Amino acid sequence: MFKHSTRRWLAGLGVAGVFVAASATPAVAAPTPADAQAAKGFDLYANDVIVAPGGPEKLVSLYSLISQPLTEYTVKVDRSGVDGFAEVQKPVGYGSCTETGAVLTCTVKDDQEPDLDLLSLVVLPRKKAKAGQEGELAFTVTTPGSGSTSFRSTVSVGEGVDLVSEPFVYLDGKPGATVKSPLTVGNQGDKTAKGMVLFFFGSYSLTPSKRYSNCEYVKDDFDVNAFACTLDSSLEPGAGLKLDDSFGFAVPGDAWAPNRDYGFAIWFTPADWKAVRAEVPTAGELGEKGTDGLLGLESVSTPQVLSRAAQTDVDPYNNETMLQLTVKGNQKADVAANGATLHGKVDKTVPLTVGFTNNGPAAINAGGEQGMATMALVTLPRGARVVEAPEYCADAEGEFGEDSGKPGGTAYACFVPQVVNKGKKAEFRFSVRIEKAGTSVGKIELWHGGPDERRAKDLNPGNDTAKILLNSGDGGQGGGGSLPITGTSTGLLAGIGGLLLVAGVGGYLVAKRRRTRFVA
């Protein structure tokens, strides 16, 4: 039976939770080598921030870029470069911290739960701060065994604006339909907003109907859709704009129906978007521009002479729109298990490839409230043991994230972190050592479910189980003869419903597709 922590780990990868958390408090991705400053024994990274009078506090977080987190270190922060216009507060909960003028010193010793986050500082603009002021925070980290490393991050004062959007948009359509979606943005501040960036993140069914030349799209949108559009229009105080009539979503022809899919649209100032782009992994993967012309805004105001200071949103919590797409119709799928036969002598290692085929017509693992995700429980025949497991297969009693891909088991739960369309196969490739001579039978069982941990049925439950046959040499029937496949291993499958939350949604953030592959 799966451990509760395994289900909890995977449940945490739901799209809505990941995205909302990232948009509220951006999670720092591992910066590229160009972002990190090389040092004697380790590298550091700290994000830049832009603050505005009347705006919210911002966080500057310092990270160590090493494989093993530091357990003992001292951080010195020289705040003199920003002290004239920004207040950088003494942190709480980071060892022992002292202040000497503009220099902050924090010492951590024998950290029992180390992580890469060394220090986080709250930054606020001072009352007399003016747009355009800029300076640097200078960090120096010293460790007993790795020497010292330095890094600088920039704090700047921007012009405060307040972009707003409607909180909810409801759409509906059938598989294959194009659904218009006039997303809007307003300015309830007292300064003209000069340019905006619209960032969208949504499920498989919310596929953009056009790909515009002023938008960047995720490079490999194999299970969800993400894009960012740069719009150069000015937005005066009290005014509102909307995307032009060409913008919409093309519901895929193989979308699961009926279903409800979700997406999120957030409006940023260009400066705020630059900060998000550097810190949120989702945004960092964007890069491919479209070729369908420019996406524009309707009722664009006449441009005015504007200040050159960067702008930041003084209320970043009222410019997000949640989209709900109701997919109408009745379209589901039949998924069939694919077994295998193992041949070899005792003490030999042989390949084993098992998986499943989506016979359609609907795609699976595509998310949504009523969609279906499929996972597989692979039980080896007696006399065989795994010596190499795929990345997305974990021991049935193990921990995903810790035990994924670990050898040594005889039963594995396997999931696919992306959409599987009609006619596609998901294959899990193992290396198996034959330990006993004879003939025995294992099996692969499919488990279908949804985001609410419910058990679901595909169009043909009769092909959800397939045999894994072992015929080993060296004479004798050490395996005890053939074993009939009957029933379901309810003990091992009892917790698998929670694991289905990852399929088709969390894969966007974690999938690298090393050993799990798709074939036509």
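Which residues does Asn463 touch, not counting residues up to four places away in sequence? Asn463 touches Asp334, Val335, Ala336, Ala337, Asn359 and Asp458. Keep in mind as you look around that this is a predicted model. Its mean pLDDT is 79, and 77% of the residues reach 70 or more.

- Among the elements of the chain, strand β27 (residues 333-338) has the highest mean pLDDT, at 98.
- At the other end of the scale sits helix α7 (residues 507-510), which has the lowest mean pLDDT, at 29.
- Residues 1-40 stay under 50 in pLDDT, and the model has 86 contacts for them beyond four places in sequence.
- Residues 475-520 are also below 50, and this stretch has 147 contacts in the model beyond near neighbours in sequence.
- Where pLDDT is low, the predicted coordinates should not be read in detail.

**Back to Asn463**

- You'll find Asn463 in the loop between β35 (438-449) and β36 (465-472).
- Is Asn463 buried or exposed? Asn463 has a relative accessible area of 19%, and buried means under 20%, so Asn463 counts as buried.

**The sheet with six strands**

- The two strands on either side of that loop, β35 and β36, belong to an open sheet of 6 strands.
- Reading across this sheet, the order is β28-β36-β35-β30-β33-β32, and the pairing is mixed.
- The edges are β28 (340-344) and β32 (393-395); each has a single partner strand, so one side of each has no neighbour in the sheet.
- On average, neighbouring strands here are turned by 20° against each other, direction ignored.
- Inside the sheet, strand β30 (residues 373-379) and strand β33 (residues 411-415) run antiparallel and are joined by 5 bridges.
- To see one of these pairings, look for Met375, whose bridge partner in β33 is Phe415.

**The sheet with four strands**

- Another open sheet has 4 strands in the order β1-β3-β8-β5, and its pairing is antiparallel.
- Here β1 (43-46) and β5 (86-88) are the edge strands; each has a single partner strand, so one side of each is left without a neighbour in the sheet.
- Neighbouring strands of this sheet are turned by 20° against each other on average, direction ignored.
- One spot to check is Ala86, which stands opposite Pro125 in β8.
- Ser64 lies in strand β3 (residues 58-65) and is buried, with a relative accessible area of 0%.
- What is Ser64 in contact with, leaving aside its neighbours within four places in sequence? The list is Asp43, Leu44, Leu70, Leu116 and Leu118.

**Strand β10 and its partners**

- Strand β10 (residues 147-157) has 8 of its 11 residues buried, so the rest of the structure largely encloses it.
- Strand β9 (residues 134-143) pairs with β10 in the antiparallel sense over 10 bridges, and a hairpin of 3 residues joins β9 to β10.
- Within that pairing, Gly135 has Val155 in β10 as its bridge partner.
- Strand β2 (residues 49-51) runs parallel to β10, and 3 bridges join them.
- For this pairing, look at Val51, whose bridge partner in β10 is Val157.

**Nonpolar cores**

- In soluble globular proteins, nonpolar side chains tend to be buried together.
- The largest nonpolar core in this model has 35 residues, and those with the most contacts inside it include Leu352, Val354, Phe356 and Phe430.
- Strand β34 (residues 425-434) gives the most to this core, with 5 residues.
- Leaving aside neighbours within four places in sequence, Val354 is in contact with residues including Val378, Phe428, Phe430, Ile444 and Ile468.
- Apart from this core lies another, of 33 residues, among them Tyr212, Leu241, Leu243 and Leu295.

**A helix with a buried face**

- Which residues are buried in helix α3 (residues 270-279)? They are Asp272, Trp273, Val276 and Glu279.
- Looking down the axis of α3, you'd see these buried residues fall within an arc of 130°, so they line one face of the helix.
- An α-helix has 3.6 residues a turn, so residues three or four places apart point the same way.

Conventions: Residues numbered from 1 in each chain as written. Predicted model: local features only at pLDDT ≥ 70, side-chain atom pairs only at ≥ 80, totals over all residues. Heavy atoms only, no water. Pairing = 2+ DSSP bridges. Axes fitted to C-alpha atoms, helices over the stretch in contact; angles between N-to-C directions. Core = buried A, V, L, I, M, F, W, Y, C linked by side-chain atoms within 4.5 Å. Buried < 20%, exposed > 50% of the residue type's maximum accessible area, 1.4 Å probe, protein only. Contact = heavy atoms within 4.5 Å. Arc of directions from axis to C-beta. pLDDT = per-residue confidence, 0-100.
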